[in-house]
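Colleague: Please take a close look at the aromatic pairs in this model. I would like the partners, the geometry and the surroundings.

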Amino acid sequence: MSPLSNLAARDIETLVHPYINLASFRDSGPLIIERAQGIYVYDTDGKPYIEGMAGLWCTALGYGNAELVDAAAAQMRKLSFAHLFSGRSHDPAIELAEKLKEIAPVPISKVFFCNSGSEANDTQVKLVWYLNNALERPGKKKIISRMKAYHGVTIAAASLTGLPGNHRDFDLPLPGFLHTGCPHHYRFAQEGESEEDFAGRLAAELDALIVNEGSDTVAAFIAEPVMGAGGVIVPPRTYFEKIMAICAKHDVFMISDEVICGFGRLGSAFGCEKLGFVPHSISVAKALSSAYLPIAGVMIPEALYQALLTESEKIGTFGHGFTYGGHPVSAAVALKAIEIYTRERIFDRAAKLAPQFQARLGTLNGHPLVGEARGLGLIGGVELVADKASKRSFLSQQGVGQRAVKFAEAEGLIVRSVIGDVLTLCPPLVISESEIDELFDRLTRALDKALDWVTRERIAPS
Ligand SMILES: Cc1ncc(COP(=O)(O)O)c(C=O)c1O
């Protein structure tokens, strides 16, 4: 192991990092990023990396965009803070809410601003509970999400999340949060089952869960159009059509978590458009501001807004809100980001680049270490397996995905490894055709090195 730089040593002594084995991290230390431009980030030695994950699925317009920087600086000079509590307001929040209403894929009435995807999803849960109290059905409160879903880490959002690492020893999920089957055909379809049949089975499973629990106890269903942090899982054909029919049958409110899929990732403005479903409400974050500043929102339909009116009139207040929700500087940056998305036709650009991206991704299916390479638009997942024929995974403690991430870093490429040794790809939407080729060339070399390592070390399959 190379001696840790001074900055790395200081990091280890001062920070608690999310999503790492905190014990082994004390030996490995951090990768410290110092600056960035376009789709490249640079470490403290000046080494460039293609940011193959757009940060954390968020820097859609890449780095160093002067228009976004200027929008932030101008707003900070004019009005550095104002809030939306108790009837106060400011024009960036009003304008941004108007813009979101205009571009929303479903009719929405109002926008509630928060600072993160987790806060947006926590807000969704609270609004649905409020709704059912307004509708005088206080027993209809359970929320269903899916195994392997990722909806955040605050207590309700983490309860929605369907990943064991977000629950274990945090005493989660809370009661009343249920998880139905994960729509991953490669892993969970039965032998010979078509995508449509698999979707039908998942819909039947959801139906049975709601019936078992009692449809008068189930308030909402939440889903990412394409699951991100669970391993980039594209649902089987007809999945949402069938799932939406079950939600409608039981009067279950449907929430689309567009925190990753919103703003062009799948080649359409919103993921639900691409997957062909019409949710009641939508969570947005991340690319809303291209991650130049934190901002998130809940898109609220008229019927839900009417319930908020009723309840707040009864109680005397709407008791929910975040100090920085709709922060004027974040809102000004988000407005500028949407202006750029529209002017530069960024969502069409993502749609045009998608066939090349998906074709290069698809060729990885031929690699001996890859069980399935999958994706949609400009998002992809590469699932590493110990045995292609049986789809056997490596043991998690063998750390094959993490090793591959390190090999990719050595090649000058940043990817992530999520549960099940799935390498995830989600480059900035401003990536060029030649940069896509470069990204996959680097990834292929990293996979070759990972294969050499697995072979050399005789990493036994699980
Ligand atoms: C689909 C989805 N929802 C919610 C979240 C949580 O967002 P945040 O980390 O901003 O709280 C994420 C984060 O990756 C996400 O991918």
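Modeller: This is a predicted model, and the structure holds twelve aromatic pairs. Take Y130 and F318. Their ring centres are 5.6 Å apart and their planes meet at 70°, so the pair is edge-to-face. Planes over 60 degrees apart count as that. Y130 sits in helix α6, residues 117-134. F318 sits in the loop between α12 (302-315) and α13 (328-343). The pair therefore ties together parts that are 188 residues apart in sequence. Y130 is buried, with a relative accessible area of 15%, whereas F318 is partly exposed, at 28%.

A second pair is F263 with Y341. This one is stacked, with 6.0 Å centre to centre and 25° between the planes. F263 belongs to the loop between β8 (253-257) and α11 (271-275), and Y341 to helix α13, so the pair joins parts that are 78 residues apart in sequence. Both F263 and Y341 are buried.

K110 lies over Y305, at 4.2 Å from the ring centre. K391 lies over the face of Y186, at 4.5 Å from the ring centre.

How values were computed: Residues numbered from 1 in each chain as written. Predicted model: local features only at pLDDT ≥ 70, side-chain atom pairs only at ≥ 80, totals over all residues. Heavy atoms only, no water. Phe/Tyr/Trp six-rings, centres within 6.5 Å; stacked < 30°, edge-to-face > 60°. Helix = DSSP H or I, 4+ residues; strand = E, 2+ residues; numbered from the N terminus. Buried < 20%, exposed > 50% of the residue type's maximum accessible area, 1.4 Å probe, protein only. Lys NZ or Arg CZ within 6 Å of the ring centre and 35° of its normal.
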